[in-house]
Amino acid sequence: MPTTLARILAEAGAITPAAAEHALHRHLSVGGALDTVLLEDGVCDENTLLEALGKASGLPTLHPSQFAPVDPKSLQLFPFKLAERHGIVPIAVGKRHVDVAVSYPVDKMLLEETSFMLGRDLRPQ
């Protein structure tokens with residue numbers, strides 16, 4: 001999955017192929033997320049990276065400025081450790097759904113299991 005993100009950014013001309021290769025090597029050797037490596041290295045700006053993450057994951061992109069205040073009900077649904085461990089942050093709760101911000105790469109199986117556990121559809125962004 002990280003190669004998909006690097007390829008999308010390189011094909012769009014947002015980063016050079018050499019920068020993509022360097023970031024992938026650093027990501028593999030140091031660990032962590034590729035998007036974090038790209039931001040830390042100053043290779044890509046946040047807005048460009050968010051758009052590429054949306055394309056790579058096939059999910060709608062949600063910019064941090066679009067986040068509404070966290071619904072306190074959502075925090076009751078998701079224990080902090082669950083959210084932190086799996087990179088799923090609840091942002092809004094409806095009667096039958098929960099809007100969640102997710103980290104890349106998206107674990108669709110985990111989303112399905114969590115949705116079943118909560119008895120609500122998860123709408124990842």
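## Basis

The model is predicted: local features need pLDDT of at least 70, side-chain atom pairs count only at pLDDT 80 or more, and totals for chains, interfaces and linings use all residues. Residues are numbered from 1 along each chain as its sequence is written, and side-chain values use heavy atoms, with hydrogens and water left out.

Helices (H or I, at least four residues) and strands (E, at least two) are DSSP runs, numbered from the N terminus.

Strands of a sheet pair through backbone hydrogen bonds, either parallel or antiparallel. Two strands count as paired if DSSP finds at least two bridges between them. Strand 2 and strand 3 are parallel, with 4 bridges. His-97 has Asp-121 of strand 3 as its bridge partner. Asp-99 stands opposite Arg-123 in strand 3. Strand 3 itself has two faces: Leu-122 and Pro-124 are covered, while Asp-121 and Arg-123 are uncovered.

## Helix 7 on the sheet

Strand 2, helix 7 and strand 3 make a right-handed β-α-β unit. Right-handed means that, with the strands pointing away from the viewer, the path from the first strand over the helix to the second runs clockwise.

At the N-terminal end, Asp-107 is the cap: one of its side-chain oxygens lies 3.2 Å from the backbone nitrogen of Met-109. After the helix comes Gly-119, with a positive phi near 70 degrees.

Helix 7 spans residues 108-118, and its buried residues are Leu-110, Leu-111, Thr-114, Ser-115 and Leu-118. Seen down the helix axis, they fall within an arc of 135 degrees, so they line one face. The arc is that of the directions from the axis to the C-beta atoms. Buried means under 20% relative accessible area, exposed over 50%, and partly exposed in between (1.4 Å probe, protein chains only). On the other side, Met-109, Glu-112, Phe-116 and Met-117 are exposed.

The cover over the buried residues includes helix 5, helix 6, strand 1, strand 2 and strand 3. Ser-115 has a relative accessible area of 16%. Leaving out residues up to four places away in sequence, Ser-115 touches Arg-120, Asp-121 and Leu-122. Contact means heavy atoms within 4.5 Å.

## Two other sites

Leu-39 sits in helix 3 (residues 34-40). Its relative accessibility is 41%, so Leu-39 counts as partly exposed. Beyond its neighbours within four places in sequence, Leu-39 contacts Cys-44, Asp-45, Glu-46 and Leu-49.

Gly-58 is in the loop between helix 4 (46-57) and helix 5. At 63% relative accessibility, Gly-58 counts as exposed. Gly-58 and Val-106 are 48 residues apart in sequence, and their C-alpha atoms are 9.5 Å apart in space.

Conventions. A polar contact is a pair of N or O atoms within 3.5 Å; within protein, one must be able to donate a hydrogen and the other to accept it, and residues adjacent in sequence count only if both atoms are side-chain atoms.
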